[in-house]
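Please look through the sequence and the model below before reading on. The paragraphs that follow go from the sheet to the helices and then to confidence.

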Amino acid sequence: MLEDRTTAPSDAPWPAAYPQGYAVVDVETTGLARDDRIIAAAVYRLDARGEVEDHWYTLVNPERDPGPVWLHGLTSEMLEGAPLFQDIAEEFSARLADRVLVAHNAVFDWSMIAREYARAERQAPVRQRLCTIALSKELGLPLPNHKLESLAAHFGVVQQRAHHALDDARVLAEAFRPSLHTAVSRGVRLPLLECRPLTEWSGSAHIGQQSSGGYGPGSWRPSRKRPPCPYPNPGRYEEGKPLKQGMRVAFSGDTSVDRELLEDRAVEAGLHVSTSLSRLTSLLVTNDPGSGTSKVVRARQYGTPVIDEAAFGQLLQSVEPAAGQGAPAAGRGAPATGR
């Protein structure tokens, strides 16, 4: 049995605001890009207090090469007779329904799952996700890094088959339970983020092809290089004032809205989206300002203003035009709601 390294007494009152159930998920994929596919998926269903109810695992035929076989061990021969994602979508949905999706680096797992559902012209029944990396930061766990193996070692959970979806999900489920109880005992608010479903763009285009109908709300895009911002940088964002066209904006960490969509909205509003942070950066957008990412650390060093995704979404609704542009930019940047 796993040792419960928590300080919560067994009769501690459980917070009414906490979720009523969790789906601990791990997926193995052909790679990390937007057009990569899921080749294996596992779900451990947990009750409100983190106790395991059941588990499920399946291989998935990606209809392409399996990617890094040396990492996940799944060959083309092993996947050839596996079901397609659309064949397991209903069962997968039953495992996820009415639960918070829990994953290690949840933005990745959720993005891959949402894209597979979009390809199948369905929506995953998930409304919120919880990243165990973010939770470990909230709890201040003394981990040497944020790898799953470090979280497992902290709670005495033994990994048997790293990068095997079923075993990774088991390990995470066993490490999540004591993390959850520790959060309860300390009165910690769980770092939940909204899961917004992705949909295909309108028309009959296939994945990776642009249709004449353009992109619809919540759509996901193939990777592409954006044109340079046509406006000069007006300087740093000042609290209480609107954004101005040309401001350099950087993003860090997990976001409720798909990162590409959020960046696109910023570009459409006339902002300069930067992949790095420098002294010229006008604003950093992050939902985890206490993290130790390189961007957050540099923002502190440079005195760069930091706001969260919700505040940024509100500011995008009315962006001031660049000097000499005349017409206001109000409405050009759609609110970051994904709807």
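**The sheet and its surroundings**

In this predicted model, six strands make up an open sheet of mixed pairing, ordered S3-S2-S1-S4-S5-S6. The edges are held by strand S3 (52–59) and strand S6 (192–194); each has a single partner strand, so one side of each is left without a neighbour in the sheet. From one strand to the next, the twist averages 25°. Strands of a sheet pair through backbone hydrogen bonds, and the pairing can be parallel or antiparallel.

Strand S4 (residues 100–103) and strand S5 (residues 128–131) show the parallel sense, with three bridges between them. Within this part of the sheet, Ala103 lies opposite Cys131 of S5. Helix H5 (residues 132–139) packs on the sheet, where it touches both S4 and S5. The direction of H5 makes about 60° with that of S5.

Helix H7 spans residues 165–186, 22 residues in total. From its first C-alpha to its last, H7 reaches 31 Å, which is close to the 32 Å expected at 1.5 Å a residue. Is H7 enclosed by the rest of the structure or exposed, and why? Of its 22 residues, 18 are buried, so H7 is largely enclosed by the rest of the structure. Just after this helix comes Gly187, with a positive phi of about 70°.

Helix H8 (residues 259–268) is mostly covered, with seven of its 10 residues buried.

Finally, confidence. The mean pLDDT of the chain is 85, and 84% of the residues reach 70 or more. One is residues 1–10, for which the model has 22 contacts beyond four places in sequence. The other is residues 328–339, where pLDDT is likewise under 50 and the model has 40 such contacts.

Notes:
Residues numbered from 1 in each chain as written. Predicted model: local features only at pLDDT ≥ 70, side-chain atom pairs only at ≥ 80, totals over all residues. Heavy atoms only, no water. pLDDT = per-residue confidence, 0-100. Contact = heavy atoms within 4.5 Å. Helix = DSSP H or I, 4+ residues; strand = E, 2+ residues; numbered from the N terminus. Expected span 1.5 Å × (residues − 1). Buried < 20%, exposed > 50% of the residue type's maximum accessible area, 1.4 Å probe, protein only. Pairing = 2+ DSSP bridges. Axes fitted to C-alpha atoms, helices over the stretch in contact; angles between N-to-C directions.
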